[in-house]
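Open the model in your viewer and keep the sequence panel at hand.

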Amino acid sequence: MLRLNSVFKKLALLCVCISCFGNAKATIISLTKNAKSVVFKLDKGLMQLNICKADIIEVRYTIFDSFQTKESLVVNNKWPLATAFTVADGKTEVTITTAKLKIKINKATNAITYCDLSGKVISAETSSNKSMSAATIAGISTYNVSTSFNSPANEALYGMGCHPLDSLSINYKGRNQDMAIKYLTGAIPVMLSTQGYGLMWDNYSASNFYGAEDGNTQFKYVSESGKQVDYYFFYGPDFDHIIDLYRTATGRAPMFGKWAYGLFQSQDRYLSEAEILTVKDNYRNNHIPVDVLVQDWYYWDPLPIGSHIMKPERYPHPKKLVDALHAANLHAMISIWPVFGKGTPNYDALEKMGGLTSITWDNVVTHTYDTYYDAHNPKARELYWQQARDSLVKRYGWDAWWIDQCEPDNGTLLDERRKANFYTGKGIDYFNTYSLQHTKGVYEGWRRDIPGKRAFFLVRQSFAGEQRNAATLWSSDIECTFANFKNQVPQGINACASGIPYWTSDIGGYHYGWKAPDWSKPEFRELFTRWFQFGAFSPIFRIHGKGERAIFSKNWDEDTRATLLNFDKLRYRLLPYIYSLAGRVNTENYTMMRALTFDFQKDANVYGIPDEYMFGPAFLVNPVTAQLYTGADAAGKAKTREVYLPAATKWYNFWTGEVTNGGQKLTVEVPMNMMPLYIRAGSIVPMGPVMEYATEKPADKIELRIYPGANGTFKYYEDENENYNYEKGAKATFTLNWNDKLRQLSISATKGNFKGMLKKHTFNVVLVKGAHGSNTGEADKIDKTVVYNGKVLVAKL
C-alpha cells in the first residue's frame with residue numbers, strides 16, 4: 001500500500017510537471033493568417049497576435065479552445081483599417097514582419113521575440129513566457145495569468161502608476177510592485193523600457209510586478225484572475241512615441257480650460273458659503289494669482305452621504321455662491337462621492353434599479369457602512385450622473401468635479417471587493433477599473449449635458465485609459481512630512497510615464513496624524529514652501545489639506561509669503577508655455593512632466609535619478625525635498641542639493657543665467673526662496689505678464705526668452721479656451737525656430753483659426769546671457785521686438 005501511494009505521488013508530480021510544461025511551453029501546431037491577425041493553434045490552447053499597427057501588437061494566449069469575447073474597458077480603438085504584414089513559416093520559428101517590426105515566434109515554446117527591421121532584439125519573452133494556472137482566491141475558482149520577459153542588465157523600467165507611499169526608487173528594474181488599487185496604492189499597468197518599447201497589460205484584476213526574476217535577468221507581470229493573457233507591445237523606440245501609441249490605443253486626453261493650469265485653492269474643509277467668499281476676497285483683495293476655489297467633502301453634514309444637498313444652514317445660496325466666484329473670475333470645484341448612505345432618495349433610486357454593489361465604506365464621520373454604486377453598470381452610471389447633475393453640478397453651475405474615494409475604498413476587506421458582483425462580472429476580474437468606469441459615466445454625461453464648458457475631474461485613483469475621461473490623478477491623502485513629500489516626486493514622474501498626462505499632489509500634504517499641523521511653525525513653513533515650489537512645476541498646481549495654508553494666511557511670515565508669491569507669479573507668467581504644452585498633450589499625445597529618459601534615453605546616468613524631471617522641453621526641475629533650515633540639527637546641514645545635468649547639451653541656471661556643460665553632477669546652493677531650475681540650451685520659452693487669473697490679460701505681448709547654444713523649436717498653441725470647438729478645428733498653432741549658428745529666429749505661418757483669435761502678437765525677444773533674461777521678472781532690456789501677424793517671419797538677432 002505504501003509502495004502504491006509512492007507511485008501515485010510520483011504520477012501526480014509527473015502530471016503537474018507535464019501540465020506546467022505544456023502550459024508554459026505550449027508548442028505551435030498550426031497557424032492561420034487573417035487580415036488583421038495571426039492565430040496559432042497550440043498543443044494546448046490558442047495564441048493570437050493582432051497587428052493593430054505596424055508598431056502596436058496585441059498578444060492573447062489561453063489554455064482554452066477559444067478566447068474571451070468581452071470588449072476591452074481600456075482599449076477603445078477598434079483598429080478599423082488593416083495593417084500590412086507578412087508571415088513566414090519556418091522550420092523552428094514563425095516570422096511576422098510589419099513596416100516597423102520583425103516578430104519571431106518560437107514554434108517549440110511559443111515565446112515571442114520583438115526585433116527591429118535590422119534584426120536587433122528589442123525585447124523577448126522568456127522561454128516560460130505566457131502561462132495560466134488554476135487558483136482559488138476568496139473562494140472563487142479562477143486562473144492566475146502571467147507574462148515573463150528577458151531583461152538585460154542595462155535596461156531601466158518606468159511607469160506602473162502612482163504609489164504615493166512607495167520608496168524613492170524610480171526605476172522598476174530589480175524591484176517588485178503591488179498593482180492592486182486600494183487606499184494609498186495605485187496601479188496603471190503600463191511600463192516603458194529604455195530598450196525602446198512599452199507594454200500594457202489589459203487585465204483588471206489585482207496584480208503584481210516582479211522586477212528581479214532569475215537573478216535580475218527577467219521580469220514578470222502576474223494577474224490574479226483571468227481567462228487569457230492579453231497584453232499590448234508598443235515600439236518606440238523613444239518614450240514620446242510609446243506614449244503616443246498607448247493613447248492611440250486608449251484615447252486622447254482632452255483640453256482643460258486655461259484656468260485649470262493656474263492655482264487651485266482648497267482646504268479640508270471649508271465649512272460654509274461665508275468662509276469660501278472670505279477666501280475669495282482675501283485672494284482678490286491682496287492681488288494674489290489664483291483660478292479655482294474648492295468645496296471639499298461633507299457640505300451635506302449632517303445629512304447622509306450621497307444626499308447631494310448643500311446644507312442650507314451653512315450654504316443658503318449655492319447658486320449665488322458660485323455666481324460670486326464667477327464674478328471674481330474664479331472657477332468653482334466641488335467634491336461629489338460615489339458612495340451613498342441609506343435613507344436618501346438617491347440611494348433608494350439606485351437600489352431599485354439594481355445599481356448598488358455589496359461594497360461598503362466604513363464612514364469615518366458617521367460610523368455607518370455606506371454603499372458604493374455599480375460604476376460598471378451603464379444604467380447606474382447614467383442615473384448617478386443625472387442625480388449629481390440635477391442636484392448640484394448643472395443646477396448651481398459648478399465648473400469642476402472632485403471625484404474622491406473611487407478605488408473603491410473598503411479598507412482591508414479586499415476579498416469583499418473580489419466577491420462583489422458588478423454588472424460586468426465578479427469584482428475579482430474588475431478589481432482595478434472602478435475609477436475608469438466611474439469617470440467614463442460622468443465625462444460622457446458632462447459632454448452631453450453641459451455643452452460649452454470643458455470638463456475637469458480630480459480623481460484619487462486612475463487606471464489605464466482614464467486620460468480620455470478628463471481625469472487628473474492626485475496622489476491621495478499623504479502626510480505632511482518631508483519623507484512623504486520626497487516620495488511624491490518620483491511617483492508623479494512615473495504616473496505621467498504611465499500615459500496619464502495630468503498629475504498633482506496636495507501641496508503641503510493632506511494631514512499630520514489626521515490633524516492639521518501648526519503651519520506657523522518654521523518646520524512646516526519650510527515643508528510647505530518646498531512643496532509649493534514643486535507644485536508650481538507640476539502639471540496641475542493645487543493647495544489642499546488640513547489647516548489654513550492659503551497664500552494670504554497669517555501662518556506665513558513675510559519671507560515665506562514672498563517666496564510663495566514669487567513662484568505663484570512665475571507659474572502665471574509661464575501660462576503661454578504651459579498652455580502650449582497642454583495643446584501638444586491633446587494633439588500630439590505629449591507628456592508635460594517628463595522622466596529624464598523621455599529626453600535623454602541614451603544617457604544611462606539619468607536612469608536612477610528619482611528627483612529630477614523635465615517640465616516640457618525647456619525646464620530641468622530639481623525639487624528640494626530635504627529639511628535643511630529647520631529642526632534641531634539644521635545648523636549642521638549643508639544647504640545644498642546634488643543636481644545632475646544630462647549630457648549632450650549645455651544648461652542655463654534659470655536664476656542667474658550661468659551656463660554649464662551637461663554630463664556632470666553639481667552641488668548647488670538651495671536657499672529657501674529658490675528651487676534649482678535649469679534651462680536646456682536651444683530652448684524657446686514664451687512668458688506672459690503677471691496675472692491674477694489665467695485669462696485676465698490677452699497674450700498679445702510675450703517676452704520670448706531664447707537660450708542660445710543650440711538650435712531650438714517651440715510650438716505655440718491657442719484656442720477658444722472654455723469650449724470644445726478645438727475638436728472641430730477651432731485652434732491655431734505656429735512654430736518658433738531658433739537657428740543658433742545664424743542667430744536667427746523664424747516663425748512659421750499660423751495654421752488654423754478660431755473666433756476671437758489674436759491677429760497680432762508682439763514678441764519681445766530676449767537672448768539670455770548671464771543676468772540678462774534670467775530669474776522670474778521681466779528682462780532688463782529687450783534685444784528685439786518682433787510683431788507677428790500670422791505670416792512667415794524671419795528676424796536676425
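**Stop one: a serine in a loop**

Start by selecting P304 and S307: the backbone oxygen of P304 lies 2.4 Å from a polar atom of the S307 side chain. Keep in mind that this is a predicted model. S307 belongs to the loop between β19 (292-295) and α5 (318-327). Is S307 buried or exposed? Its relative accessibility is 11%, so S307 counts as buried.

**Stop two: two helices side by side**

Select residues 482-497, helix α10, and residues 522-535, helix α11. Their axes come within 11 Å and cross at roughly 5 degrees. Angles under 35 degrees count as roughly parallel, so α10 is roughly parallel to α11. Show side chains next. From α10, pick F482, N484, F485, Q488 and V489; they meet E523, E526, L527, R530, W531 and F534 of α11. The residues of this contact divide into six nonpolar, two polar and three charged.

**Stop three: a covered helix**

Move on to residues 575-588, helix α13. This helix has 14 residues and spans 19 Å from first C-alpha to last, close to the 20 Å expected at 1.5 Å a residue. How many of the residues of α13 are buried? The count is 11 of 14, so α13 is mostly covered. Color the buried ones, among them L575, P576, Y577, I578 and Y579. V585 and N586 are also buried. Finish just after α13, at N589, where phi is positive, about 60 degrees.

Terms used. Residues numbered from 1 in each chain as written. Predicted model: local features only at pLDDT ≥ 70, side-chain atom pairs only at ≥ 80, totals over all residues. Heavy atoms only, no water. Helix = DSSP H or I, 4+ residues; strand = E, 2+ residues; numbered from the N terminus. Buried < 20%, exposed > 50% of the residue type's maximum accessible area, 1.4 Å probe, protein only. Polar contact = N/O pair within 3.5 Å; in protein donor to acceptor, adjacent residues only side chain to side chain. Expected span 1.5 Å × (residues − 1). Axes fitted to C-alpha atoms, helices over the stretch in contact; angles between N-to-C directions. Parallel < 35°, antiparallel > 145°, perpendicular 65-115°, else oblique. Contact = heavy atoms within 4.5 Å. Nonpolar A, V, L, I, M, F, W, Y, C, P; charged D, E, K, R; others polar.
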